[in-house]
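Come along if you like.

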Amino acid sequence: MSLDRTKPLLLPLALMLAFELWARLIHLQSDSLAPPSAILAALATALADLSIPIATRDTLFAAFAGLAIGSAIGLALGIAFGISRPLDRLMEVTVEAIRPIPSIALLPIALIALGFGYRMEIVIVAFACVWPMLIMTRSAVRSIEPRLMEVSRALRLSAPQRIAKIVIPAALPRIFVAFRLSAGIALIVAVTVEIAINPIGLGAGIMLAQQALRADLMLAYLVWIGAIGYALNILLIAAQRRLFGRAALAGDHP
Amino acid sequence: MNRTAILWRVASVLVAASFIAAWQLVADLRLVSPVFLPGPDRAWAALVRGFSSGDLAGKLIGTLEHMAYGWLAASIAGIALGALIGSSRTMRAYVAPSLEFLRPLPVSAIIPVAIAMLGLTQGMALFVIAFGAIWPIMLATVHGFAAVEPRLYEVARSLQMSRAAIIGKIALPSALPDILAGMRLSLTVALILSVVCEILAGLDGLGHWVLLSARAFRSADLFAGVILLGATGYVTSIAMSLVEQRLLAWQTAAR
């Protein structure tokens with residue numbers, strides 16, 4: 001049991017140790033690499049002087065605001081398309097035409113319309129989050145047990161009542177899976193926008209560290225961004241297990 | 001397609017056309033400043049102008065090249081590494097958790113590191129695109145190899161097949177649906193990273209084109225570029241589904 005637990009850790013630890021030794025043996029001087037000890041030291045300094053916490057706050061704010069807007073739009077459209085087959089068929093070509101636009105291609109449009117800052121980043125994140133939410137909510141709503149819909153008709157529920165009392169509760173586990181995927185996408189898009197152009201947050205921080213030729217700080221940012229992505233993923237998976245148990249896992253691999 | 005399906009399709013196209021008409025109306029009435037929002041007529045004119053002067057075609061080819069080279073490199077390396085890791089139980093136990101740990105990392109965060117190592121070059125773009133696109137393919141391959149029906153392996157052992165034969169004749173074909181799904185996912189990743197690299201490194205491509213157009217407030221050219229990027233995403237994904245259908249035809253037939 002204890003061996004099974006340590007196995008996954010052996011490879012990264014061995015690699016880090018080997019790299020540390022190699023860097024010390026040849027007295028590494030580089031603009032792109034730094035030994036793990038230097039990276040950890042840079043990470044500790046940047047955490048202590050609050051530059052990384054502030055950047056993290058900016059990135060997470062933009063990512064979550066975009067996620068909230070994008071997934072709300074995606075959810076509403078997904079439910080509407082899932083309930084009404086004619087509406088879905090009418091909008092099919094429009095959705096198919098807009099969806100393949102890579103979110104990052106909207107960056108220049110958002111830039112001239114909104115300028116640098118939170119707003120343009122939030123818009124791009126929101127655009128990226130609409131699609132997974134729309135597609136997965138639509139299929140979740142469509143796969144609701146038909147008898148439940150018959151019950152709602154027999155009870156003469158109005159459309160809003162039907163959505164609130166039958167559709168959303170029945171589709172919720174799979175909607176949460178979609179939300180989890182969208183949250184990952186939101187973080188990726190936010191960091192990408194910051195790296196490409198927007199001068200706020202973690203992405204801008206890592207670019208600045210690179211331009212200042214601070215390899216240790218740059219890699220510290222990289223490790224930190226990775227840790228944030230990992231923590232967000234773990235948190236959402238735990239929430240999903242807690243809230244829905246096995247019901248959500250069933251929707252994970254449709 | 002039967003008649004009702006065609007009718008629905010026509011109606012759907014009409015709805016899309018009415019959205020474009022609404023866009024034209026908004027632009028004509030100048031509800032939004034034309035600096036930000038050109039009408040579809042101006043965007044189309046910019047598209048035609050760009051192609052007839054050859055500028056835009058060159059940029060499109062540039063982006064397609066970045067995307068294709070990076071994606072192909074990622075596919076070959078991803079399937080090979082995934083097969084290596086997935087076909088051995090020991091490798092899976094030691095290596096797969098590290099891969100899962102790296103998966104949620106926003107791959108664009110590797111761009112500054114690549115710039116520090118390789119400079120603002122084509123090589124940098126290729127490295128970043130391949131690095132970003134390899135994950136979905138490699139993880140899908142590992143997963144596909146791990147999920148092969150165990151009795152097939154027993155058959156292979158009783159036939160005394162070599163390890164290479166097992167991989168080529170049993171594991172790869174049955175992991176193929178997973179691998180193709182991973183390749184489709186990384187096609188999108190490759191397109192996005194191509195655009196980001198072109199923006200950052202000023203490489204010849206649509207990403208650079210849209211950024212320059214935005215800086216010069218040439219909104220019609222900008223929209224033409226964005227439309228072309230959307231078309232690129234659409235066409236590559238359609239092509240991928242055709243390949244998928246063809247390669248997996250045996251599977252649906254067997255079921």
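I started at Glu149(B), which is partly exposed at a relative accessible area of 38% (buried means under 20%, exposed over 50%, partly exposed in between; 1.4 Å probe, protein chains only). Its salt-bridge partner is Arg151(B), with the closest N and O atoms 3.2 Å apart (the rule asks for a side-chain nitrogen of Lys or Arg within 4 Å of a carboxyl oxygen of Asp or Glu). Arg151(B) is exposed, at 57%.

A note on ground rules: this is a predicted model, where local features need pLDDT of at least 70 and side-chain atom pairs count only at pLDDT 80 or more, while totals for chains, interfaces and linings use all residues. Residues are numbered from 1 along each chain as its sequence is written, chains are lettered from A and ligands numbered from 1 in the order in which they are written, and side-chain values use heavy atoms, with hydrogens and water left out.

Next I took Asp221(B), which pairs with Arg218(B) at 2.9 Å between the closest N and O atoms. Asp221(B) is buried at 8%, whereas Arg218(B) is partly exposed at 38%.

Asp88(A) is buried at 7%, and Arg142(A) is partly exposed at 38%.

How many salt bridges cross the interface of chain A and chain B? I find 2; Glu92(A) forms a salt bridge with Arg9(B), at 3.4 Å between the closest N and O atoms. In this interface, 45 residues of chain A are in contact with 45 of chain B (heavy atoms within 4.5 Å). The two chains bury about 4,200 Å² between them, 80% of it on carbon and sulfur atoms (accessible area lost on being put together, 1.4 Å probe, summed over both).

Last, I looked up the largest nonpolar core: among its 127 residues, Leu222(A), Val128(B) and Leu222(B) touch the most other members (buried Ala, Val, Leu, Ile, Met, Phe, Trp, Tyr and Cys joined through side-chain atoms within 4.5 Å). Helix 8 (residues 163-201) of chain B gives the largest share, 18 residues.

Terms used. Helices (H or I, at least four residues) and strands (E, at least two) are DSSP runs, numbered from the N terminus.
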